[in-house]
Amino acid sequence: MDTILSSAPLAAIADPVIRLDNIVFGWPGSPPVLNIPELTIAASERIFLKGPSGSGKSTLLNLIGGIHVPQQGVVRVLGQELQRQSSAWRDNFRADHIGLIFQQFNLLPYLSVLDNVMLPCRFSKRRSARATARYGSLDKAAMHLLEHLGIIGDVLQGRAVTRLSIGQQQRVAVARALMGSPELVIADEPTSALDSDSRDDFLNLLISECDASDSTLVFVSHDRSLETHFTQSISLGDINQTEERL
């Protein structure tokens, strides 16, 4: 189903892509997980967000992606205050403007490689229009991304994702997130199943594709050896004032 496009104008390119002010988030009946006075991320940044497992990194990503809303404070993404909007509005906004890469990839086993990559454009007219304008068709856009990420050959591109290796599935997940040039790409621990050489190759490809699409990248990991790939490193412990964390 096509999404409903937001009628409100997006922030100018010079404005921060992400701005959090006085954010407090916690689960019902539990102490706050996050208490962040301020976080600002500029357009085209490559951000490495670090912290130990259970420190609230994924929760922060869910706030930025509009999956959760804070109990207090303002979450502003591309100029839009997400906490003011309905769940359906936030779903549509996320589909139009945010590419997500999950730790478990979340590829659909009943779809081919190409169909998995094109999936965001089935839910977003905006991303479909961008991909078509740039490459001529959704098929060509998906194949371009797959080829740049090392997934080549008609047989491979038409294969079920369940027949791919972990590394290949990971690259398909990246191609899907980048389809239609979203302004923001969020990656939640996507390299945890890879060895060190594969991690470096993967990150180089991911960052180079974000550069090509001019997408801001927020990459979460507890593996500090990856920091050198990014323009800025943020420790969740430095910005989160909550003493008791999950």
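**View 1. Glu45 is partly exposed, with a relative accessible area of 21%.** Partly exposed lies between buried (under 20% relative accessible area) and exposed (over 50%), using a 1.4 Å probe and protein chains only. This is a predicted model, in which local features need pLDDT of at least 70, side-chain atom pairs count only at pLDDT 80 or more, and totals for chains, interfaces and linings use all residues. Residues are numbered from 1 along each chain as its sequence is written, and side-chain values use heavy atoms, with hydrogens and water left out. Glu45 sits in the loop between strand E2 (32-41) and strand E3 (46-50). Strands (E, at least two residues) and helices (H or I, at least four) are DSSP runs, numbered from the N terminus. Leaving aside residues up to four places away in sequence, Glu45 touches Thr216, Leu217, Thr231 and Gln232. Contact means heavy atoms within 4.5 Å. Arg224 is 179 residues from Glu45 along the chain, and their C-alpha atoms are separated by 18 Å.

**View 2. Helix H3 (residues 113-123) and helix H5 (residues 138-148) cross at roughly 120°.** That angle makes H3 oblique to H5. Angles under 35 degrees count as roughly parallel, over 145 as roughly antiparallel, 65 to 115 as roughly perpendicular, and the rest as oblique. The axes of H3 and H5 come within 9 Å. Axes are lines fitted to C-alpha atoms, for helices over the stretch in contact, and angles run from 0 to 180 degrees between N-to-C directions. From H3, Val113, Leu114, Val117, Met118, Cys121 and Arg122 meet Leu138, Asp139, Ala142, Met143 and Leu146 of H5. The contact holds nine nonpolar, no polar and two charged residues. Here Ala, Val, Leu, Ile, Met, Phe, Trp, Tyr, Cys and Pro count as nonpolar, Asp, Glu, Lys and Arg as charged, and the others, Gly among them, as polar.

**View 3. H5 has buried residues: Leu138, Ala141, Ala142, Leu145 and Leu146.** They cover an arc of only 130° around the axis, so they lie on the same side of H5. The arc is that of the directions from the helix axis to the C-beta atoms. Just after H5, Gly150 takes a positive phi of about 85°.

**View 4. Helix H2 (residues 87-97) and helix H4 (residues 125-135) cross at roughly 10°.** H2 is therefore roughly parallel to H4. Their axes come within 7 Å. Arg94, Ala95, Asp96 and His97 in H2 meet Lys125, Arg126 and Arg127 in H4. This contact has five charged residues, one polar and one nonpolar.
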